[in-house]
Amino acid sequence: MRFIFFPLGLLTICFPFSGSISAQSKTALNPDPIIAELSQTPPLDGTNADTIRIMLANEVGIVYEKMKMLDSALFYYFLVADTVISEEKVLRFKERSVINSLLLNDLMTVLLRKREFDQALAICRINFKINALLANQAEMANQMNSIGTIWFYQRDFVQAGECYEQAFTMFSDLAKSTSETERQAGVRGASRLYYNLGLVFRKQGNNRKAAEYYMKALDIKEENKDEKGISNCLNALGAVNKAMGEYPKAEQYYKKCLLIRESLNDSVGIADLYNNMCTLYKSQGNYKKALSYGQKGLELVKVFDNSDDPDRLISLYSNMGILYHFLGEDSLSEMYFQYSLDEAIKSIDSISIATGYTHFGVNYCESNNFQAADSNYRKAMEILEKFPNKRAFSTLYNNMGDLAAVQGKDIEALEWYKKSISLKQELNERANLANYYPSLAKAYLRTGDKLQCREILVKSMKMQRKLLKENFSVLSESEKAMFLKQATIVFEKFNDFALAHAEETDTLQGLCYNNSLLLNGLLLNSTREILEAAENNQDSTMKLAFWQLKQLREEISNLQSMPADKKEGNLENLELRANALEEELVRKSVSFARLYRQFDFQWTDVQKVLGQGEVAIEFVKIRHAMILQESLKADSFSYAALIIRPGMKTPAFVPLCSSNELAQLTDRSSTDDLRYVDRVYDPQGETLLYNLIWKPMENQLKDAKTVYFAPAGMLHQVSFAGIPVSGGKLLSDKFSLQRVSGTSVLLEGERNDKIKVKNALIYGGIDFTGFPEEIRNTVSSGDGFTWQFLEASLVEASVIEKILKKSGTNVSFLSGKKASEESFRAASGNSAPDVIHFATHGFTFPDPEKGSEDLLFENSFVMNLDPLFRTGLLFAGANLTWNGRHVPEGKEDGVLTAFEVANQNLRNTRLVVMSACETGMGHISGSEGVYGLQRAFKMAGVKYIVMSLWAVPDEQTAELMSLFYSKLASGETIRKSFVAAQNEMKKKYAAYFWAGFVLIE
């Protein structure tokens, strides 16, 4: 379903105010003295003596106009206005004619405000003839501009454009005059017409041409230092760039405009701009940020009177309704839609009334009240047929298509979608087209036209890739996440179709694999590389910005970890400042980053680096939005595999299982880890997991020895090495399994995971109850949940220390109270060791908004909405912090969250081993994988990570780690050392005791 977002301030038509009396008037708001003076003047006699009476009557009209008494203003304007043109009289009494022309300008303006378009047009034409007789080319051009504007307000953009072109020609001729006065008038007039022509092209859907004219107007406004005009041009440029999907450019124009309007104290203009920024952030999927700007706009609008410009209030109310709808606040959404419709009806604004009915139709359709939805859409249609508007029509047609589709009226739905797309193409709104195309494609599919469906989906996918490339680099991480979430919907629909028709075409699978290469870790890689470029840049201002950002994140982390009742400072304000600083930083550093490389990855590039017997697999999670005959709110997913082998002409696309099937099999909410692992990973038991996610691929894996695979969704929580096959065998017995964050890692050049460990940092045997002695007495203690001392972790860490030291490694082994969070924080940048080993407690908690009945306690970590604060590792003194005790300012609290890890520079660290419970778990987010310690250490720059999927017993963990480090110290590669250690363990133990650990590159 689609809504219509209202931009504001784009109809700032440039009128010839210099040619009106009202623009020069400074009369106080009291007409009585002027009326008394007017009564003493003689009646009009058609001569120059009339000038005094005309001017006085005009002054009265101005006062009433300012008092918003428009009918009284019109009375006095018409009292003295001469609308009968006599060439002889105009030329004989020129002084009177000039004053009469100025009054007619003010009369036209009031008629336009009252939407009396026919009368306003007649007055303009009379005024044009008067100035033609007077040979006043500047005023003739002004009148032609006004005539164009009247046509514009009546939405006749063709006639408006023709009039603007004529006026532009007149002003251009004046600009060539030898008279400085005429030349300046011509230049100013031409700039107004550039702007107005931009408006016309914008309304006709030619955004590129509109932007070209706005830029020309901006150049002239800047040359003449016209701040008001500059702000209008910047606002308009923001709107056209937003329409073209060029969001970063739009945002920059809006921000520049805001600075100017704030300096001018232009409250009305600021309110309009807030609304436009609201529409921009909504288009990026950043609903909360959009809502904040909409609220700011409403707060400003309520301060001043909007009776002359109801569009402002209508627009803001409508946009707020849309945002609350997207945020799931249906009662608030309906309330604001009603406010908007009431204001539209009150102001007799036909397009806004139609839009209001459209929005109510969407709400009714999504609540399955199809009759009410159809009724509201029909009301909107009746209005739009009388007052055509392409943008409103395109949205309405799309929604009519959705309504028909959900009722199974596929042919009818197809016709509505085709009409909608046709208008969107005329309007050249790429961002909307990318999102609208899949509905049209689905309608073609349901009416049996698979070829058209395919072509439309390919077009939509390619357009979405281009939009991502144009916008992604200059957004902050949070904005990227929201933008990517919206964009991913298009790719999911493309995958859905390609998978269902994999046997009928061999061209789509390659595109699907290319998309997976792009999306897999795009957010992680782009943010990491851009920030790395910023940190290493020699520009001092960029270095300062980078360190300011790190400092802000530290402050955010400190606030987040404190109990709610003890949080000091404004967390939201800190997050906004950090986000703004990150935006600035990535804009400055993007030219130094390698971000665009990922957009060029092709499946054939991966295939070229595969050796004989090697296979690459990209697992994908697919939302079935194209194929199933579902309701609009259906949420059905399945898993599939994209497979590449040497010599293949196209990747294989293999369906695996439904999301529900996998969830039921891997659910461990009602059992402990041991029972869960025995049920799913017992070699002597059933091969249910194998049957779900591996057996469907068997035909594609013949003769395969090494399999590089990138998990997706819940597959991140599966131990592939421990999957039972048959006859007591495991998957790792058949294949060399190499788990990667994305198969694009194979394109990073020579993959050498051999490591000479020069320096290592090891943690084990940590005292979770105490801080270092120098601050121990300053920390209050108390009862509560206690993380128990891990005796085996001390043994494990000690053994690893001996193994590494024997091989010549410089080892720093920290235990007891010395195993502080500060020590880890110090291991950053050039001080970061080759290997970091954590033998400690780890934690991962579910989303608190989804609820959990098995929580033993609640604190700022367990209940945090940010997944990077709900997962972490524990250091000395963690128990005090965990139970809400205050830590002295400037001291770390002993709880290292994933958020804090991500803020660390560990690019010199090749390997991190987390010998702790469930360190591989966390919140799963689309193509970005697990939002937890895995992602955090990748953000920090670590190449290889060993982590756990379940709580492995201490004794066996110590044994596995001893085997692993022995192999590593002997000169073996990281991966071979890990596989060898697991192979030794599985000779002695069940999967529960070793398969929980995974190595990821």
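The legends below describe close-up views of a predicted model. Residues are numbered from 1 along each chain as its sequence is written, and side-chain values use heavy atoms, with hydrogens and water left out. Because the model is predicted, local features need pLDDT of at least 70 and side-chain atom pairs count only at pLDDT 80 or more, while totals for chains, interfaces and linings use all residues.

**View 1**
Strand β4 covers residues 706-710; helices (H or I, at least four residues) and strands (E, at least two) are DSSP runs, numbered from the N terminus. Five of the five residues in β4 are buried, that is, under 20% relative accessible area with a 1.4 Å probe and protein chains only. Thr706, Tyr708 and Ala710 point one way from the strand, and Val707 and Phe709 point the other way. Two strands pair if DSSP finds at least two bridges between them. Strand β1 (residues 614-623) runs parallel to β4 and is joined to it by five bridges, with Ile617 opposite Phe709. Strand β5 (residues 736-739) also pairs with β4 in the parallel sense, over four bridges; here Thr706 stands opposite Ser736.

**View 1. An open sheet of six strands.**
The strand order is β7-β6-β8-β12-β15-β16, and the pairing is mixed. β7 (810-816) and β16 (997-1000) stand at the edges with a single partner strand each, so one side of each has no neighbour in the sheet. From one strand to the next the twist averages 10°. Strands β12 (residues 911-914) and β15 (residues 944-948) run parallel and are joined by three bridges; Val912 has Ile945 as its bridge partner in β15.

Helix α38 (residues 933-940) lies across β8, β12, β15 and β16, at about 165° to β15.

**View 2. Two nonpolar cores.**
A nonpolar core is a set of buried Ala, Val, Leu, Ile, Met, Phe, Trp, Tyr and Cys residues joined through side-chain atoms within 4.5 Å. The largest has 183 residues, and Tyr513 is among those with the most contacts inside it. Helix α21 (residues 430-446) gives the largest share of this core, ten residues. A second, separate core of 111 residues includes Leu701, Phe709, Phe824 and Phe964.

Note on methods: Buried means under 20% relative accessible area, exposed over 50%, partly exposed in between (1.4 Å probe, protein chains only). Axes are lines fitted to C-alpha atoms, for helices over the stretch in contact, and angles run from 0 to 180 degrees between N-to-C directions. Contact means heavy atoms within 4.5 Å.
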